[in-house]
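User: Could we go through how the domains of this chain meet? Please begin with the contacts.

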Amino acid sequence: MYAQMIKTAGTGVKPREEMTPEEAAFQDKIDADIKIEPKDWMPDDYRATLIRQIGQHAHSEIVGQLPEGNWITRAPTLERKAILLAKVQDEAGHGLYLYCAAETLGVSRDELTEDLLSGRMKYSSIFNYPTLNWADIGAVGWLVDGAAIMNQVPLQRTSYGPYSRAMIRICKEESFHQRQGYDIMMKMAQGTEAQKKMAQDALNRFWYPSLMMFGPSDKESVHSAQSMAWKIKIDSNDELRQRFVDQTVPQAEYLGLSIPDDKLKWNEERGHYDFSEPDWTEFFNVLKGKGPCNTERMNDRKRAWEEGAWVRDGLMAHARKRAARKVAAE
Amino acid sequence: MKNEWPLWEVFIRGQHGMSHRHVGSLHAPDAEMAVKNARDVYTRRNEGVSIWVVEARHITATNPGDKGPMFEPSESKIYRHPTFFDIPDDVGAM
């Protein structure tokens with residue numbers, strides 16, 4: 001999940017008797033699956049929560065380019081390099097679709113970027129882990145994109161029109177990402193002993209951080225209940241995590257790799273796998289900025305933003321000059 | 001001076017013979033760059049054969065609050081649809 005620990009604005013779900021007529025009409029539309037569009041009336045808390053959620057999602061797409069970009073120049077073949085380039089380019093596009101969706105709520109892209117760089121807004125914890133070898137690129141596509149898809153598929157039905165449309169577009173492209181990751185894993189798992197070891201090592205390191213992507217359990221949270229009533233959150237974190245584990249375990253078995261969890265076991269009664277929770281202390285530390293790569297990621301983003309300033313300004317100055325010249329000629 | 005690039009709306013013709021359809025938006029300093037960026041962002045997988053871009057501030061839109069007066073008048077005029085008229089089967093295809 002690319003949006004974690006989003007603080008829902010407000011105080012939880014209001015009973016219908018306490019809603020203003022506007023709020024009741026708004027909730028009726030959502031209950032009837034009528035999309036909310038940018039110029040429609042919406043509660044301030046709905047708008048604020050969506051900006052946080054879509055903004056964090058957009059930032060994750062952009063920061064998510066960094067761990068993979070790390071391997072573009074070192075991809076093992078020209079074909080793998082072209083594929084990885086295409087994937088990283090897709091992530092930039094996904095960031096753009098999402099920033100545009102957030103902008104329809106009345107915040108500018110530059111404001112969102114500045115909020116990321118100042119630390120006011122976050123991105124997904126997963127991108128604070130390093131990609132140490134080529135198998136990590138396989139694990140990222142297979143597990144990280146796989147977990148993202150789990151979250152994004154239901155969000156295609158979210159109540160906010162521009163967000164839903166961005167999700168539909170992203171989901172279409174995302175399945176290429178997961179398959180290219182699994183393809184790398186297959187190659188490595190069927191390769192030499194050393195390659196197999198690398199694949200297993202990548203799975204060992206990315207398994208729990210991938211489970212953390214869904215965030216801690218939120219079944220008791222009043223904030224979650226409000227986001228669900230607004231249909232900007234569709235499933236609980238635990239439901240998504242379970243779905244991810246159930247889907248991924250057989251895929252790991254096919255690869256001949258083992259999930260690094262002694263407690264992992266099929267539970268006949270539940271019809272699901274039982275599994276160990278990730279270390280939530282580690283998760284909160286990563287969110288606080290103490291993950292292995294937080295500083296590196298933020299420094300890279302800051303440098304790109306600052307060193308790109310003269311290009312952004314220059315192109316804008318050029319556009320203004322040309323527009324003025326055109327007016328003068330008319 | 002504020003230097004944020006303006007917002008452009010992007011319209012793509014998916015195939016020959018179809019109309020252009022709104023697909024999304026992007027930021028660009030001018031129209032030329034907007035077309036180039038639209039090519040890179042919105043047609044990476046053969047989605048289009050033609051692109052239009054228009055700066056978002058030039059678009060005039062109806063107000064959601066006026067939905068009633070704008071669109072309800074057409075709801076009562078069902079005779080505008082061919083199915084309003086009963087034509088006997090004996091007449092043949094029409």
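**Domain contacts**

Analyst: In chain A, 14 residues of domain 1 of chain A are in contact with 8 residues of domain 2 of chain A, contact meaning heavy atoms within 4.5 Å. This is a predicted model, in which local features need pLDDT of at least 70 and side-chain atom pairs count only at pLDDT 80 or more, while totals for chains, interfaces and linings use all residues. Residues are numbered from 1 along each chain as its sequence is written, chains are lettered from A and ligands numbered from 1 in the order in which they are written, and side-chain values use heavy atoms, leaving out hydrogens and water.

User: How many salt bridges does the rule find across the interface of domain 1 and domain 2 of chain A?

Analyst: The rule finds 0 salt bridges there, a salt bridge being a side-chain nitrogen of Lys or Arg within 4 Å of a carboxyl oxygen of Asp or Glu.

User: Where are the bounds of domain 1 and domain 2 in chain A?

Analyst: Domain 1 of chain A spans 16–278 and domain 2 spans 293–330, bounds that come from an automatic or database domain assignment. Their C-alpha centres lie 30 Å apart.
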